[in-house]
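Please examine the structure shown below. The paragraphs that follow move from its strands to its aromatic rings.

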Amino acid sequence: MTAALGTRDPRVALYPGTFDPVTKGHEDLIRRASRLFDQVVVAVAADASKDTWFPLSQRTELVEAVVGDLPNVRAVAFEGLLIDFVLQEGAGVILRGLRAISDFEYEFQMASMNRKLDAEVETLFLMTGESYTYLSSGLVREIFRMGGDVSAFVRPEVIHALNQRLGPDGSGS
Ligand code: ADP
């Protein structure tokens, strides 16, 4: 359910990202957030500056496949300015994950900028689950491309998509 434009419900959290592809680190964060908020909207960003491996629709479907069992979570594709989409969804909270100190500077900048754009929307950070501190979508793509086993990092649905994207031998299609 989308709230009326202009409302910012603190019980609704929006978790934006590229999810190229969604990892078990993302999943862990979404599952924990689903216990904290009434609704979690996973906002899958269009390829603004990044060259993504997977198209927007597939990245969104994969998130849906991984967390589709959670009744208060949905995945939505979005394009354009994040803060506009936050308002469109009626969310009061932007959720981000922090893995290491190296995430901090960029996240701090983004959170500050989003507060300038709309002071009523809070950015909240969840620390990564400890088994996932090192995990990123980029690393998964890299390991998979080199023929490594990524089953500890992503769900089978994602491995299937990776195989389709590159072929099991990593040769590309
Ligand atoms: P972006 O390109 O916007 O950083 P990502 O899909 O890489 O999008 O990440 C989305 C969010 O999820 C970011 O806040 C990122 O810090 C967080 N995140 C990514 N990987 C993990 C992980 N392993 N554990 C916790 N949070 C993570």
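Strand S1 and strand S4 (residues 91–98) run parallel and are joined by 3 bridges; two strands count as paired if DSSP finds at least two bridges between them. Within this pairing, Asp9 has Ala91 of S4 as its bridge partner. The model is a predicted one, in which local features need pLDDT of at least 70 and side-chain atom pairs count only at pLDDT 80 or more, while totals for chains, interfaces and linings use all residues. Residues are numbered from 1 along each chain as its sequence is written, and side-chain values use heavy atoms, with hydrogens and water left out.

S1 is also joined to strand S2 (residues 39–45), by 6 bridges, and these two strands run parallel. Here Gly17 stands opposite Val44 in S2.

The aromatic rings form 5 pairs in the structure, a pair having ring centres within 6.5 Å, with planes under 30 degrees apart counted as stacked, over 60 as edge-to-face and the rest as tilted. One of them joins Trp53 and Phe54 edge-to-face, at 6.4 Å centre to centre and 70° between the planes. Both Trp53 and Phe54 are buried. The pair of Phe78 and Phe85 is stacked, because the ring centres lie 5.0 Å apart and the planes are at 15°. Phe78 and Phe85 are likewise buried.

Note on methods: Helix = DSSP H or I, 4+ residues; strand = E, 2+ residues; numbered from the N terminus. Phe/Tyr/Trp six-rings, centres within 6.5 Å; stacked < 30°, edge-to-face > 60°. Buried < 20%, exposed > 50% of the residue type's maximum accessible area, 1.4 Å probe, protein only.
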